[in-house]
Amino acid sequence: MYGFGLAKGLMVTLKNFINPPFTTQYPEERLPQHPRFRGEEFAWYEERCTGCASCAKYCPLGIIKIVTSPSETAILEGDKYNIDVFDIDIGRCMFCGLCVEACPYDALFMGSGFERGRYQREELVIGVDELREAVKRPSSWFRPQLEEAQYDPHTGEPLAWEEVGREQWPWHQGEKAGARIDWRPRRGGGEPPEDGA
Ligand code: SF4
Ligand code: SF4
């Protein structure tokens, strides 16, 4: 019938005119995100990181670069390593999370944010200093210990390195977690004390 298509189209317009809007006015309005959301900025805990580079080896795109050097602080135990370079090129990252899966020490987590956009491609490389200084709100993706604790990175406090591991026994906590660096507990990141104590 002539005009039926037009009436049908107008009905859709009318329906959406009286329905409440389903768009949000970002950034003033924000939708809730799941705690397992895989954000782009990563949460890295240097205190837990041994520099093993498993994350770099497992990254299918080869976009993690790690350079270490002997710290000579624990020669008899086989020494610990300084992390000199830890670059992640998020401009090429597909947020698969395989690097997080590969980390044996619960040192690397997906981030929970999505606003680290830049105009220049080279500025999309996250370096070791940025990782060190970032406020740590790790995604609970692939981290059942965070899910069991019902941690929500979007509403909860930043987490320190002692709070994010899977250690369950006191000896384990004392001898494995944080064994690489003997810094005082620092909640949610920040600079190490100058005396290293
Ligand atoms: S999330 Fe995937 S692509 Fe991105 S750095 Fe990790 S392993 Fe590589
Ligand atoms: S983040 Fe994890 S996998 Fe990567 S170097 Fe550190 S300990 Fe190894």
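Glycine 62 sits in the loop that runs between α2 (54–58) and β2 (64–70). The model is a predicted one. Glycine 62 counts as exposed because its relative accessible area is 51%, and the cut-off for that class is over 50%. Along the sequence, glycine 62 and cysteine 93 are separated by 31 residues, yet their C-alpha atoms are 9.3 Å apart in space.

Cysteine 93 belongs to the set of residues around ligand 1. That set includes Cys59, Pro60, Leu61, Ile63 and Ile64. It also includes Met94, Phe95, Cys96, Gly97, Leu98 and Cys99. By class, the shell of ligand 1 holds 11 nonpolar residues, one polar residue and no charged residue.

Phenylalanine 95, one of the residues around ligand 1, lies in the loop between β3 (81–89) and α3 (98–102). Its phi is near 55°, a positive value in a residue other than glycine. In general, most residues other than glycine have a negative phi. Phenylalanine 95 counts as partly exposed because its relative accessibility is 24%, and buried would require a value under 20%.

A positive phi also occurs at phenylalanine 142, where the angle is near 60°. Phenylalanine 142 is placed in the loop between α4 (128–133) and α5 (144–148). With 36% relative accessibility, phenylalanine 142 is likewise partly exposed.

The other ligand can be described in the same terms. Ligand 2 has 15 residues around it, of which Cys49, Cys52, Ala53, Cys55 and Cys103 come nearest. The shell of ligand 2 divides into 12 nonpolar residues, three polar residues and no charged residue.

Helix α1 covers residues 4–18 and contains isoleucine 18. Isoleucine 18 is exposed, with a relative accessible area of 65%. Together with Met11, Leu14 and Phe17, Ile18 makes a nonpolar surface patch of about 510 Å². In the loop between α1 and β1 (39–44) lies proline 27. The peptide bond leading from tyrosine 26 to proline 27 is cis, with omega near 10°. Most peptide bonds are trans.

To return to the part asked about: ligand 1 has no charged residue in its shell, and the shell includes phenylalanine 95, whose phi is positive.

Technical notes: Residues are numbered from 1 along each chain as its sequence is written. Chains are lettered from A and ligands numbered from 1 in the order in which they are written. This is a predicted model: local features need pLDDT of at least 70, side-chain atom pairs count only at pLDDT 80 or more; totals for chains, interfaces and linings use all residues. Side-chain values use heavy atoms; hydrogens and water are left out. A residue is near a molecule or strand if one of its heavy atoms lies within 4 Å of it. Ala, Val, Leu, Ile, Met, Phe, Trp, Tyr, Cys and Pro count as nonpolar, Asp, Glu, Lys and Arg as charged, and the others, Gly among them, as polar. Helices (H or I, at least four residues) and strands (E, at least two) are DSSP runs, numbered from the N terminus. Buried means under 20% relative accessible area, exposed over 50%, partly exposed in between (1.4 Å probe, protein chains only). Patches are made of residues with over 30% relative accessible area and no salt bridge: like charges are joined within 9 Å, nonpolar side chains (Val, Leu, Ile, Met, Phe, Trp, Tyr) within 5 Å. Accessible areas come from the Shrake-Rupley method with a 1.4 Å probe; for residues, only the protein chains shown count as cover. A salt bridge is a side-chain nitrogen of Lys or Arg within 4 Å of a carboxyl oxygen of Asp or Glu.
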